[in-house]
Amino acid sequence: MSARRRRAGRPLTVVALLAALALGGCGLVSGSAMTDNVLPGPNAGYPDRPLTGAQLTVTSKEFTEQIVLGQIMGLVFEAAGAKVIDKTSIQGSIGAREAVKSGTADAAYEYTGTGWITYLGHTTPVVDPQEQWRVVRDEDRKNGVVWLPPSTLNNTYALALSPADAAKYGTKTLSDLGELLKKDPGAVTLCVENEFATRNDGLPGMTRKYGMKIPPAQVRRMAAGVIYTQIEQGGSCTFGEVYTTDGRIKAMNLRVLADDRHFFPNYNAAPEINAASLKKHPAMAEVLAPVTKALNNTVARELNRRVDVDGEDPHEVAKDWLLQEGFIKEG
């Protein structure tokens, strides 16, 4: 799952950008038509099929949550009458972003923090989530990209620990972790990915913000999937880096520490639409609005769990949720 955090990295060099575009371009060579027989559901918010006659291409990055969100978007467009081409699961952030920006794809769900830091080149996140969305929306207009209102789904970094260790140490916030380090530094072992260990919006910035001094020997680097297992089993780490919407948090009953000083950026999912496409098919905003509003961390964790833990197909998981919520119905 480490590939997913590429979305919020430092500003890319020209060489890195071209390399990412090449990879994204390869992913965009082919796409398949969605063939679901679906109609607007009772909670869709519109009575007819306002996208009848439109052909829309949806895209996403390649990690689970993004694929599910791409399938949700495609199914909603289908229910509204559009013919939908599925070009989800593009490697890396830049490929999917450039597809929407160039018009190769019409729309995707993207994260506000990614827009602000990765695409627009800023280094300091905006603390208030709505303000983060507003500044991204306003600045990205010049790139021919429209950001529709965001969800409360916020896929950001966090630290977590097992229920047993939470009870043992009494840590509920990152400030509590800082206090534990002062009182009993040997109690804190931290498992992180290589990228989190070096990024300013990762471990270095977090320790500065909270005044933490973690001995280097007590920071262990490993793959993201291994971290969850190590936390759950009380293996080589008492605390570990996680993503707030990961389905394994619920499945493993992990306890997430609150970021009480609001260090980590907001990564709220919002529809990112090609401006020309939205001008041609303005109903895209109407049909996505209630669905986006319904997305939150609880929903994301459950949908991600069904894919990552239970092994279900992302398209079917997305469809089941939309049917359950009444946003679509079988035709």
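Is Arg 137 buried, partly exposed or exposed, and what is its relative accessible area? Arg 137 is partly exposed, with a relative accessible area of 23%. This briefing concerns a predicted model in which 16 salt bridges are counted. Several of these pairs are described below by topic.

**A pair linking two helices**

- Arg 97 and Asp 140 form a salt bridge, and their closest N and O atoms lie 2.7 Å apart.
- Because Arg 97 belongs to helix 3 (residues 92-102) and Asp 140 to helix 5 (residues 129-140), this pair ties together parts that are 43 residues apart in sequence.
- Both Arg 97 and Asp 140 are buried.

**A pair within helix 5**

- A salt bridge also joins Arg 134 to Glu 131, with 3.0 Å between the closest N and O atoms.
- Arg 134 and Glu 131 are three residues apart in helix 5, so about one helical turn separates them.
- Arg 134 counts as partly exposed, at 31% relative accessibility.
- Glu 131 is partly exposed, with a relative accessible area of 31%.

**The pair formed by Arg 137**

- Arg 137 forms a salt bridge with Asp 138, where the closest N and O atoms are 2.9 Å apart.
- Asp 138 is partly exposed, its relative accessible area being 38%, and Arg 137 is likewise partly exposed, at 23%.

Note on methods. Residues are numbered from 1 along each chain as its sequence is written. This is a predicted model: local features need pLDDT of at least 70, side-chain atom pairs count only at pLDDT 80 or more; totals for chains, interfaces and linings use all residues. Side-chain values use heavy atoms; hydrogens and water are left out. A salt bridge is a side-chain nitrogen of Lys or Arg within 4 Å of a carboxyl oxygen of Asp or Glu. Helices (H or I, at least four residues) and strands (E, at least two) are DSSP runs, numbered from the N terminus. Buried means under 20% relative accessible area, exposed over 50%, partly exposed in between (1.4 Å probe, protein chains only).
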